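Thanks for passing this one along. Please have a look at the model below, and then read my notes next to it.

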Amino acid sequence: MTKPLLAALLALGLSVAALPAGFATAQQTERDDEVCQDQLGALNRVDPAELAGVTNPQRVWVTEYCVNHPILPSEGNAAGRRAAIADNAALVKALRQKGYNPADVYAIKMMGADTVTLYVHR
């Protein structure tokens, strides 16, 4: 590699590193807006009996939802199911492993008879 080519590559790398942090943050926020506006598609109603069928914490996926945006807990489909979540040891264990509790659950998506995704938000 020639010295001028190496110098040009180094200059290009340094110019990219010097981009303002606000620019990168704005792009991430735009992506977050698109996801948050999606509202997880159509959220199906989840019965407490379905939640009771989840007995293995390894079958529980805890996913943060719209971390940088304020949302109301009543907007998701978990508002009336937090007591059933709190009564299920597997769900509570999976939430605690990620630093959450049943009150942080925003939405629930059943992925099978014994597998669930809990979308959390603080």
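1. A word on terms before the details: a polar contact here is a pair of N or O atoms within 3.5 Å, and within protein one must be able to donate a hydrogen and the other to accept it. Please keep in mind that this is a predicted model.

2. The H121 side chain reaches the backbone oxygen of C66 at 3.0 Å. Is H121 buried or exposed? Its relative accessibility is 14%, so H121 counts as buried, the cut-off being under 20%.

3. Next, the aromatic rings: the structure holds two aromatic pairs. In one of them, the centres of the Y65 and Y106 rings are 5.0 Å apart and the planes are at 15°, so this pair is stacked. Y65 belongs to the loop between β1 (60-64) and α4 (82-86), while Y106 belongs to strand β2 (residues 105-112), so the pair ties together parts that are 41 residues apart in sequence. Y65 counts as buried because its relative accessibility is 3%, and Y106 is buried with a relative accessible area of 3%.

4. Y65 also forms an edge-to-face pair with Y119, at 6.2 Å centre to centre and with 75° between the planes. Y119 is in strand β3 and Y65 in the loop between β1 and α4, so this pair ties together parts that are 54 residues apart in sequence. Both Y65 and Y119 are buried.

5. To put the rings together: which residues form one aromatic cluster? They are Y65, Y106 and Y119.

How values were computed. Residues are numbered from 1 along each chain as its sequence is written. This is a predicted model: local features need pLDDT of at least 70, side-chain atom pairs count only at pLDDT 80 or more; totals for chains, interfaces and linings use all residues. Side-chain values use heavy atoms; hydrogens and water are left out. Buried means under 20% relative accessible area, exposed over 50%, partly exposed in between (1.4 Å probe, protein chains only). Rings of Phe, Tyr and Trp (its six-membered ring) pair if their centres lie within 6.5 Å; planes under 30 degrees apart count as stacked, over 60 as edge-to-face and the rest as tilted. Helices (H or I, at least four residues) and strands (E, at least two) are DSSP runs, numbered from the N terminus.
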